Every structure is written in C-alpha cells, then in structure tokens.
Amino acid sequence: MNSPAVLVQNLSVSIDSKPILTDVSVSLESGRFLTIIGPNGAGKSTLLRCIGRLHKLFSGSISIAGRPIADYSRRDLAKCVSYVPQSGDRGLPYTVREFVMMSRYPHLGSFFTVSRTDRDAVARALGEAELESFAERRIDTLSGGERQKVFIAAALAQGAPIVLLDEPTTFLDYRQAAGILDLIRRMNRSSGITVISVTHDINQALDCSDWILALKDGHAVFSGPPAGLLPAGTLDRIFDLPFEVLPTPSPRIFPKRPIP
Amino acid sequence: MKPRTIAPILLIGLLLLTLLSPFIGSIPIRSTDILSSDPTTPAHTIFWQIRLPRLFLGMCTGIILAVSGMIFQAMFRNPLATPYTLGVSSGASFGAVLFMRAGFELSSGVFSGVTLAAFLGALTSIGLVYSVVRLRGVFSTSRLLLAGVAASFLFSSLIMFIHYTANVQDTFRLMRWLMGSLAMPGYTLVWQLMVVAVVAVTVATLSMRELDLLSTGDDIAESRGVNVERIRHILFFATSLMVGAVVAACGPIGFVGLMVPHICRLLVGPGHVRLAPSVILTGAVFLPVCDLLARTLAAPAEIPVGVITALLGGPFFLWLLVQDRS
C-alpha cells in the first residue's frame, strides 16, 4: 500500500500559550496540488512551516512518505521537501545561479564539492523557470516577479518531490502572478511534483488545486475538492463576508460588497 | 584597470611588504645581522625575538579577526556586524580585565586563564546580543547596532568600575592593553594564537556552504538541509574562542573584521567559497601592514595598532552605514 506523500494528523500548535492551530488533519497523495486558504492569522503559514519542519513545536503527527518528519535528518528531509518563502523584501547580493546552486546543499558530496549532476540540476531548473538570461544577474537587481521565479527555481533545483509555497503571488502584478502560476502548474502537471501552496486568492485556488483546506482561527473549517467551495454560504462562513459565485465556464468568486 | 586585476598585484605587493617588515623600523637591520654567529647582538635580538614574533602575531591575529568578522556578517546577515561593533570584544575585554584585576595567575596548557575569562566574556555578550536581536525575529540594522551599542556601553562601564577600584599602575597597564597592541616579544603568544588561527581557518573552510545559506535566511538554510541550530552553536563557540584569544593576547583591535571582509566582497563577490580564502589571505597581510604603520609613523615612538585600525575603520564604518539602504 502506498502511503500518502503528506499526512498531517491532529496537528495543534501554540505560540506563547496562544493557540495558532487546533486539531488540523489533512492527507495528500503524491502528485496532487493542495491549496490552503483562510483569513489573515488563521494559521496557514504556520501549518506550512510545520510540514517543512521549520516550526518544530507541535503536537499531533506529520509524516512525509509514511515516515514521521522528526525521524528524518535535516538533509534527508531537504531531499524530500523544499520550501519557497515569501521572497518580497529579500534583496540578496548573490547571482541567480549562485543562489540556485545553494539549493543543491543536501546532495553535495564529501567536502561539499559541486558535481556534474548538481550543475545539470541547476541548469534544468533555470530552464524550467525561463531564467537562463538572468543567470548571472544579482537577485537584488531583479523585480518582484523575477525574484519569485528565482526562489521557485531554487526549490526545483533542490530536487524534492514535494514543494511548499508561502503566498507565491502576493505583491505581484497580474502579469507576474500569471507567470508564476503557470510555472507552479507546470511543475505540478508535467514534473509530477506534489504542491502545497498558501494563498489569499480564492480563484487561483479554484483553478490550480485538487484539494482545498480552509483554516479559520486555527481550525480546519473546510477540506475537500474545489467544487465544494461553490455552494452558497460556504465561503461566507470562512471569511465572515458574503460572496457571489459566477458559475460558468470556470467558476469565479467575488466578495459581494467591496471591502470597506 | 579593473579592481580585479589590481587586487592580485596589490596583494602580492602587500605580502612582500609584510615579509620585509621585520627589516623596517626605528633600528635598521641588515641581512648580515640576523645571520651573524653572535646571537647576543642587539640587531639579532630585535629581529628574532621582537620583530619576527610580532609579524607572526599580526598575521595570526589578522586572520582570526577577519574570519570572525566574516562569520558574524553571514550569521547576522548584515555587513556591519562584527565582534567589535556588536560589543563582543567589549564582553571579552571585561572578562579579561576582571580576571587580571582579581590577580589570578592561572594557566592551563596552551591557553592562559585570561584567555578563558575573555572567552567566557565573549560568549556571554554574543548570547546577550543574539537573544535581544532574535526576540522580534528580524535582524534590522538599527536593532542590531543598538543591541551592540548597549552591550558595549554595559561592558565598558563595568570595565570603568574595575579601573576605579584599581591603583594607578594597574589602571595604566589596563588602559594600554585596551588600546590593542601587538608589541609582545617572544613566541608564547604566537603559538597560542597560531592554534586559534588554525581553528579559524578550519571553521571557515568547513562551513563555507553553510555560511552562504545562513546569509540568505534561517528558513531557507534550514529547508535546504542545514542544521541551523547546531551550526550556529558551533560558530558562536568558535568565534567566542577566536575573539577571546585575540583580546586576551593583544587587547581589543577593532574594525579589521569589518574592513577585510568588505574589501574582499567587493573583489570576489559574496559567495563564501571564494570569499573565505581571500579573507584569510587579506587578513594575514592587512594587520601586519597596519602594525608596520603603527611602529614607523611616529618612530621611535609607537602608536598602538588598535588606534591605527580604529582611525581607518571608523570612517569606513560610517561610509558603510551611509551606503546601507535597508
């Protein structure tokens, strides 16, 4: 029997004795696309950081490929899971190639020498993200969209079958966001990478995901395929705001009143 | 000419100057003097017992200070972070002064009790600054520097208190020591600092990839497979040992850890695979050259080398601060 790529069971997290997540469970098969939605402060990023073992104090269990994450060495976990943080204000002085090469860290041999395989993986990742012409540019000279692409390319070069994305399109303009979404969808559909993404954009979640998990005040209030969000009242309860659904051809969702 | 083509020439020139520096000084020395069969001539003694150990001491200290600066800048993700600017040298000085004032004369193996006390002082102040800065999760420049200033003030006032309780001779001795100097004859300190310089070089070369990742952010480093907590403990421990050893031997010599890594970064870029070797090499020539200036500018009088590095480093620091846009 195949174990799910990611299995979260009864996850609870408190920070400074304030509950952030309460009894959250979710299971994801390999190659699927999970989107986590919910209002600000609902615990979306914390859940993502727990799965990547960036936040380590939690109760409950998280397994990657059937093995609890605490049993992995840091390097072995990095071979399975890569993480794309919000790249917003990170003006790094490294060139794109240097930065993407750093992702090969878990694969480097003794004395941390860079091998042919590492160079090939970096070249492939830069190709997939269409960054070849930027390879020698410094990251702090790039625009927000380009920078986000670099961070995703770095996750690809890491060679992990699971990629965690923290609000990959926030702060980007429409064209840049579309480019990033395209890239994420391609790596999910063509390369079979399991994706877990946190977003504010519900329509984006509808378009990309196989499964949606909605959090509110640290509780999982919805977990199911995207179509499950469409019935009237579902989203209203998650965001405490009336929503309107335009059904065809692909459903679009809007808040009924402009947010004051 | 581009800086990258000038740099190697400049480095070779400085290397030559460094190697020739024992011949330069208020008392000229000819090559025949040092090879003479009579080891009691003044020139022979000055060369072998004073200037040569001083050169070695300068090279080791330069390497240690430059490497510790480079490690701090990667760990705190800020080009202004050095043991000196973050108050770690002050912490080490306090440990050493307290030990000296208490009049202990301990020594165990290679390392003296003063070194141990300075090491503990350094470790305490790193812990202090780091936990203050970490509280809010982000390392903003202003927060970092304020924490450093606060630590410096705290330890300086403690040192002043010890001064107050000391007699005139002790105070004068402590004052001279706090200016930072390489003028210690003989080889005892050279061996001590050589051991620490070997530690510094080993740590720097073994952790080049980790330093790269740490400088991009803890979450990135961790998700790429770096055991951040462990490497940080190792680096804190190693830099405390490095700063403690230097401070115990020569007093606090400032700004080497700021200037050397920055100059190297301009020349070879921020990647530590190329940065670490160039910082080690530049550190080894930078401080001996400063020391050469220190003992020749006002010859036959000597300026403490710490005064020279501070005179160069102060404006350099301000210039970096003006450039910093974060």
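Chain B holds 14 helices and two strands, where helices (H or I, at least four residues) and strands (E, at least two) are DSSP runs numbered from the N terminus. The radius of gyration of chain B is 20 Å, close to the 20 Å that the globule rule gives for 326 residues, so chain B is as compact as a globular protein of that length; the radius is taken over C-alpha atoms, and the rule is 2.2 Å times the number of residues to the power 0.38. Of the 326 residues in chain B, 54% are buried, that is, under 20% relative accessible area with a 1.4 Å probe and protein chains only.

This is a predicted model, in which local features need pLDDT of at least 70 and side-chain atom pairs count only at pLDDT 80 or more, while totals for chains, interfaces and linings use all residues. Residues are numbered from 1 along each chain as its sequence is written, chains are lettered from A and ligands numbered from 1 in the order in which they are written, and side-chain values use heavy atoms, with hydrogens and water left out.

Within chain B, helix H5 (residues 113–134) and helix H6 (residues 141–165) pack at about 145 degrees with their axes 9 Å apart; axes are lines fitted to C-alpha atoms, for helices over the stretch in contact, and angles run from 0 to 180 degrees between N-to-C directions. Contact means heavy atoms within 4.5 Å, and the residues of H5(B) that meet H6(B) include Leu128(B) and Val132(B), with Ala151(B) and Leu154(B) among their counterparts in H6(B).

| Strand order (chain A) | Strands | Pairing |
|---|---|---|
| E6-E7-E8-E3-E9-E10 | six strands | mixed |
| E2-E1-E4-E5 | four strands | antiparallel |

Strand E7 (residues 162–166) of chain A pairs with strand E8 (residues 194–198) of chain A in the parallel sense over five bridges, and Leu164(A) has Ile196(A) as its bridge partner in E8(A). Helix H5 (residues 144–157) of chain A packs on this sheet, touching E6 and E7 of chain A, and its direction makes about 170 degrees with that of E6(A).

In the antiparallel sheet, two bridges join strand E4 (residues 59–64) of chain A to E5(A), where Arg67(A) is the bridge partner of Ile64(A).

Note on methods. Pairing = 2+ DSSP bridges. Buried < 20%, exposed > 50% of the residue type's maximum accessible area, 1.4 Å probe, protein only.
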